[in-house]
Structures are given as structure tokens and as C-alpha cells.
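User: I am new to this structure and would like to learn how to read its features. Please take me through them in order.

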Amino acid sequence: MQQSHDNIAIKAGNSGPTRFISILDNHFYSGHDMSIGSETNSGISDILIKDLTLDGTTSGIRIKSDSSRGGIVENVKVENVCLRDNKWPITLDTAYEGKKGNLIPWYHHISLKNVSGNGGKVVLNGYDSDHPLDVTFDGVKIDNLQGWHQQNTIVHVAEGGLTPAPSTITDAKAVKTVYACEGKWLPFPATRQ
């Protein structure tokens with residue numbers, strides 16, 4: 001059995017915070033995802049993930065932690081992302097693996113802009129009502145979405161819209177201009193001329 005891992009994982013264990021990282025212009029094929037966590041206990045902030053294609057990865061964009069290794073994750077911007085054949089295109093989960101402890105995972109000021117995908121489920125799981133997940137969607141469209149799991153979450157929808165939006169977001173705007181992924185699906189290995 002072949003084991004799969006995160007394509008990139010940004011972590012912050014006991015050695016101090018992780019800040020000011022940019023992940024730019026990448027194509028991921030097999031593997032898990034673009035991940036933040038699961039160790040976030042020293043804090044992760046000021047992350048930019050931009051111009052990313054995830055083609056056939058298990059997940060897409062994922063922030064993961066739990067109360068055994070949690071901490072604050074804030075000021076994360078994800079922009080210009082193409083997703084294809086992912087079981088979980090967007091997963092922001094504070095109960096990853098369900099381990100228990102006293103380190104509260106708290107994600108806020110998370111934004112996803114110009115994200116296009118097809119299929120799978122979206123998971124938005126904040127820790128509790130005092131430490132909710134705070135996320136903004138701006139031009140995010142997942143065709144053929146199989147469902148939303150959402151709890152302890154504050155969702156903002158910016159001018160770019162969100163399609164489809166869960167029924168809990170009554171004032172969501174539909175996406176009018178979908179982020180175009182044509183030409184972004186490079187064969188593996190990609191060849192440049």
C-alpha cells in the first residue's frame with residue numbers, strides 16, 4: 001500500500017510561531033493537500049497561498065488541528081486555486097483526528113478568493129461558540145458539491161460570491177465571474193517549452 005502525505009504542510013510546534021510565508025505558483029498531483037497544521041500550538045499567521053492547482057489530491061485547501069496541538073491560525077489568504085477530483089476541496093477543521101487536550105485551535109481572518117472546484121464535500125468546523133472559525137469566501141465556486149458540514153463558524157461572503165452556499169447563509173451572493181481553470185491542468189510531469 002502506497003502511503004500519501006501532505007504536499008506542503010505549514011506547522012508551528014513548540015519552537016515558536018510560524019509567520020510570513022508565501023506558497024506561490026504550484027501544481028499538486030497525488031498526495032493529500034495544501035495543509036496548515038496539524039501542529040499549530042505556537043501560532044501560524046500571515047500566510048499567502050496563491051496560484052495553486054490541486055489535481056487529484058485527496059483534499060484541497062486544509063487547515064487542521066485539535067485541542068491536543070491547537071493554537072491560533074490567522075491572516076491566511078488563499079487566492080487563485082483550481083481543484084479537481086478532491087474528496088474534500090476545502091477543509092477547515094479544529095477537531096482533526098479528535099485528540100483531546102487544553103490547546104484551543106482558533107482560526108480567524110481566513111479568506112479564500114477565486115477558487116474553482118468540482119465535487120467533494122466542504123468541512124467548516126470551528127472549536128466552539130467562543131472560538132468560532134471565521135472565514136470569508138470571495139469568488140468561490142464548487143460545482144457538483146456533495147455537501148457542507150458546518151458548525152461553530154462565522155461565514156462572510158464578499159462581492160465575488162459563493163456557489164453553492166449552504167442554507168445557513170441566507171444573504172450569500174452567487175458567483176458571477178468564475179475563476180478560469182482552463183489551461184491550468186498541466187500533465188504530470190509538466191513539460192515547459
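Predicted model: local features only at pLDDT ≥ 70, side-chain atom pairs only at ≥ 80, totals over all residues.

User: How many helices and strands does the protein chain have?

Analyst: Helices (H or I, at least four residues) and strands (E, at least two) are DSSP runs, numbered from the N terminus. Here the protein chain has zero helices and 13 strands. The radius of gyration, taken over C-alpha atoms, is compared with the globule rule, 2.2 Å times the number of residues to the power 0.38. The value for the protein chain is 16 Å, close to the 16 Å that the rule gives for 193 residues, so the chain is as compact as a globular protein of that length.

User: What percentage of the residues of the protein chain count as buried?

Analyst: Buried means under 20% relative accessible area, with a 1.4 Å probe and protein chains only. Of the 193 residues, 45% count as buried.

User: Which residues have the most contacts inside the largest nonpolar core?

Analyst: In soluble globular proteins, nonpolar side chains tend to be buried together. A nonpolar core is a set of buried Ala, Val, Leu, Ile, Met, Phe, Trp, Tyr and Cys residues joined through side-chain atoms within 4.5 Å. The largest one has 36 residues, and M34, I36, I110, L112 and F137 have the most contacts inside it. Contact means heavy atoms within 4.5 Å. Leaving aside neighbours within four places in sequence, I110 touches residues including I63, V76 and L92.

User: Which residues line the largest cavity?

Analyst: On a 1 Å grid over the protein atoms alone, a cavity is a set of points where a 1.4 Å probe fits but cannot get out, and lining residues have an atom within 4 Å of a point. Grid points are joined across faces, edges and corners, and a volume is the space filled by probe spheres set on the points. The largest cavity has a volume of about 40 Å³. Its lining consists of M34, I36, I49, I61, R62, I63, V76 and V78. Strand β5 (59-64) gives the most, with three residues.

User: Is S35 buried or exposed?

Analyst: S35 lies in strand β3 and is buried, with a relative accessible area of 0%. Leaving aside neighbours within four places in sequence, its contacts include D6, I8 and R62.

Technical notes: Residues numbered from 1 in each chain as written. Heavy atoms only, no water. 1 Å grid on protein atoms, 1.4 Å probe; cavity = no way out; pocket = protein on both sides within 12 Å on 5 of 7 lines; lining within 4 Å. Buried < 20%, exposed > 50% of the residue type's maximum accessible area, 1.4 Å probe, protein only.
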